[in-house]
Amino acid sequence: MATERVEVILDTQKCQGYGLCLGADDVFELDAAANIAHLKQRFVDIARKGEFEQLVRDCPAAAISLRVVQE
Ligand code: SF4
């Protein structure tokens, strides 16, 4: 049976380093020198979809998007 996971997509061209995504610091980290977020991991459990949908809404630069993938 296929397992669904959430792919987190970060547009580093849009990111302004506001850091609001760091609530999920297992996934996002901020490069202090460049002031741009980086992904520590691309995929998260489907159970966290709501949490990441909230981050998508909260990012002031609209730099985060999500995609549900089947594995
Ligand atoms: S909240 Fe958005 S703009 Fe701020 S660091 Fe995270 S991805 Fe970048």
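Predicted model: local features only at pLDDT ≥ 70, side-chain atom pairs only at ≥ 80, totals over all residues.
How many nonpolar, polar and charged residues does the shell around the ligand have?

1. Let's start with the ligand. The shell around the ligand has 13 nonpolar residues and three polar ones, with no charged residues. There are 16 residues around the ligand, and those that come nearest are Cys15, Tyr18, Cys21, Cys59 and Ala61.

2. Next, look at the open sheet, in which three strands run in the order S4-S1-S5 with antiparallel pairing. Its edges are strand S4 (43–45) and strand S5 (64–70), each of which pairs on one side only. On average, neighbouring strands here are turned by 35 degrees against each other, direction ignored.

3. Within that sheet, S1 and S5 are joined in the antiparallel sense by seven bridges. You can pick out Leu10 in this pairing, as this residue stands opposite Ile64 in S5. Helix H1, residues 49–58, packs on the sheet and touches S1, S4 and S5. The direction of H1 makes about 155 degrees with that of S5.

4. Asp26 lies in the loop between strand S1 (4–10) and strand S2 (28–31). Is Asp26 buried or exposed? Asp26 counts as exposed because it has 9 C-beta neighbours inside 10 Å, and a residue with 12 or fewer falls in that class.

Terms used
Residues numbered from 1 in each chain as written. Helix = DSSP H or I, 4+ residues; strand = E, 2+ residues; numbered from the N terminus. Buried ≥ 20, exposed ≤ 12 C-beta atoms within 10 Å, placed from the backbone. Near = placed C-beta within 6 Å. Nonpolar A, V, L, I, M, F, W, Y, C, P; charged D, E, K, R; others polar. Pairing = 2+ DSSP bridges. Axes fitted to C-alpha atoms, helices over the stretch in contact; angles between N-to-C directions. Contact = placed C-beta atoms within 7 Å.
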